[in-house]
Amino acid sequence: MPRANRPTPAAGKHIGVRHCAGLLLALLLAAGSAAVAAQPPTAAENYARHCAACHGADRLGGMGPALLPENLKRLRREAAGPVIARGRPATQMPAFGDRLSAAEIAALVDYVYTPLPAVPEWGLKQIGASHRLMIPQQRLVDQPVFDADPRNLFVVVELGDHHATILDGDRFEPIKRIPTRFALHGGPKFSPDGRFVYFASRDGWISKFDLYGLEYVAEVRAGINTRNLAVSGDGRYLMVANYLPHTLVLLDAADLHPIRVIPVRDDQGRTSRVSAVYAAPPRQSFIAALKDIPEVWEISYADNPLPVYNGPMHDYRMGEGVARAEGPFPVRRIRLDDYLDDFFFDQDYRHLIGAARNGRNGQVVQLDVGRRLANIELDGMPHLGSGITWKIDGRPVLATPHLKKAEVTVIDMQTWKVIRRIPTLGPGFFMRSHENSAYAWVDVFFGPNRDAVHVIDKRTLEIKTTLRPAPGKTAAHVEFDRYGRHALLSIWDKDGAVIVYDARTLKEIKHLPMNKPSGKYNVFNKITRSAGTSH
């Protein structure tokens with residue numbers, strides 16, 4: 001090598017040091033990169049990678065339900081990990097146990113059960129963007145595509161795999177089984193003519209289904225966490241009650257496009273969840289139960305609302321009062337001395353019987369004047385939304401089960417006094433009867449006797465018999481056919497069934513296997529506001 005091209009000893013030493021320093025830096029950077037690569041992804045990263053495509057990047061839902069603690073009441077926290085690991089049968093939820101460690105799954109559970117830092121906006125813009133019309137009015141069929149009595153159909157909600165079965169109420173044979181949105185809640189509601197049924201899901205999806213053509217017509221997302229919906233007595237409007245955001249949403253019943261969002265707040269600006277909304281057809285209004293404000297709201301849908309009491313605020317004996325907002329769909333606010341988040345109405349909708357979930361008594365509110373008339377001794381957390389009425393010796397009575405007391409309470413609706421406390425084998429959830437039946441049925445929904453159903457003689461107020469159709473499995477929610485000849489009972493189990501009884505002899509006549517059937521809703525009984533079922 002020529003001398004000029006040889007490195008000098010000093011230069012060689014310098015190059016060697018520089019090379020070693022560079023090598024050391026590269027090794028350190030590589031080690032750092034390896035350390036970073038070895039860090040497991042965060043829960044947020046795992047959510048974005050595995051969950052966001054179906055459940056939304058903001059956790060507000062998409063093809064799958066919203067993953068918020070407010071929407072996951074039906075999924076116990078301790079059960080969420082196994083669902084992530086193993087998936088959900090008969091749904092599009094896959095298993096992630098082969099991709100996520102136990103620690104990552106636990107972190108993901110913590111993530112989805114953590115409330116969002118702020119209530120997301122879900123107003124007219126967001127609702128309108130979610131709207132979808134599948135079948136325009138002019139394409140609807142003219143007559144039913146089946147030969148069953150369209151007014152004696154049952155809609156049976158099957159919670160096990162999020163379906164509903166349209167059931168012939170004469171032959172007790174399924175006509176069609178349809179998929180529904182995840183976790184229906186609040187019971188389906190019917191148009192006044194019985195042709196259409198409307199479903200509400202916990203994460204706010206409202207779906208309209210044509211019972212003549214057996215196909216979906218439209219859907220829209222009216223909220224993020226929804227309690228229920230109501231249909232106006234003239235069939236023109238739907239009102240949707242939301243837990244999240246704190247709103248009532250008015251929809252056009254024809255195609256479900258949004259009309260108005262009504263924020264629910266009091267004079268001080270405090271907002272409230274809406275426990276439920278009910279239609280009051282004789283009053284041409286909707287009535288809303290509020291969870292966090294001691295008020296009852298009545299919203300008129302009449303073109304020219306009838307005059308209502310709108311005098312100055314009165315300091316009634318217990319502090320009730322009435323205020324009214326003017327304009328289209330005016331909100332009439334009835335101020336009370338306690339929260340009423342569970343309601344029952346008499347048949348003409350002049351009286352509201354309500355109770356707070358944490359209260360010791362019920363209240364009777366006279367809706368025409370907007371004031372409390374009486375307190376009722378209802379101290380076991382009555383499930384008034386499942387209350388029913390009938391007459392004993394010409395006097396109307398109200399009967400209700402309790403969620404925290406093994407009793408059915410029977411109340412005289414003229415004196416508002418308790419006339420009988422019927423002991424049961426445990427707290428109940430649903431009570432049903434029919435004008436043509438001598439019996440009222442009530443389940444024992446909670447506790448070791450959840451497989452029992454009591455049949456009560458409506459005249460003597462004694463339990464005639466107790467049925468146990470599926471020992472060890474929850475038996476609940478009875479509904480009658482339109483004539484009161486048959487009573488249908490659900491076995492709430494993945495391997496469950498709807499059991500058909502002769503309503504007079506109480507003999508089982510048919511057993512229809514179904515996937516955790518819950519409520520069964522008869523078209524005729526609902527649209528005629530039968531005293532034996534919920535409205």
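## Confidence of the model

Over residues 1-18, pLDDT stays under 50, and the model has 2 contacts beyond four places in sequence for this stretch. Where pLDDT is low, the predicted coordinates should not be read in detail.

The model is predicted. Averaged over the protein, pLDDT is 88, and 87% of the residues score at least 70.

## The nonpolar cores

The largest nonpolar core has 25 residues. Those touching the most other members are Tyr198, Ile206, Leu229, Leu238, Val240, Leu251 and Leu256. At least two residues of this core come from each of the strands β6 (196-200), β8 (215-221), β9 (225-231), β10 (237-244) and β11 (247-252).

Leu238 illustrates these contacts: beyond four places in sequence, the residues that Leu238 touches include Tyr198, Ile206, Leu251, Leu256 and Phe286. Another core, of 20 residues, lies apart from the largest one, and its members include Tyr237, Ala241, Val274 and Phe329.

## Helix α4

Helix α4 spans residues 77-86, and its buried residues are Ala80, Gly81, Val83 and Ile84. Viewed down the axis of α4, these buried residues fall within an arc of 165 degrees, so they line one face of the helix. The cover over the buried residues of α4 includes α5 (102-112).

The face of α4 turned away from the buried side carries the exposed residues Glu78 and Arg86. Just after α4, Gly87 adopts a positive phi of about 80 degrees.

Methods
Residues numbered from 1 in each chain as written. Predicted model: local features only at pLDDT ≥ 70, side-chain atom pairs only at ≥ 80, totals over all residues. Heavy atoms only, no water. Core = buried A, V, L, I, M, F, W, Y, C linked by side-chain atoms within 4.5 Å. Buried < 20%, exposed > 50% of the residue type's maximum accessible area, 1.4 Å probe, protein only. Helix = DSSP H or I, 4+ residues; strand = E, 2+ residues; numbered from the N terminus. Contact = heavy atoms within 4.5 Å. pLDDT = per-residue confidence, 0-100. Arc of directions from axis to C-beta.
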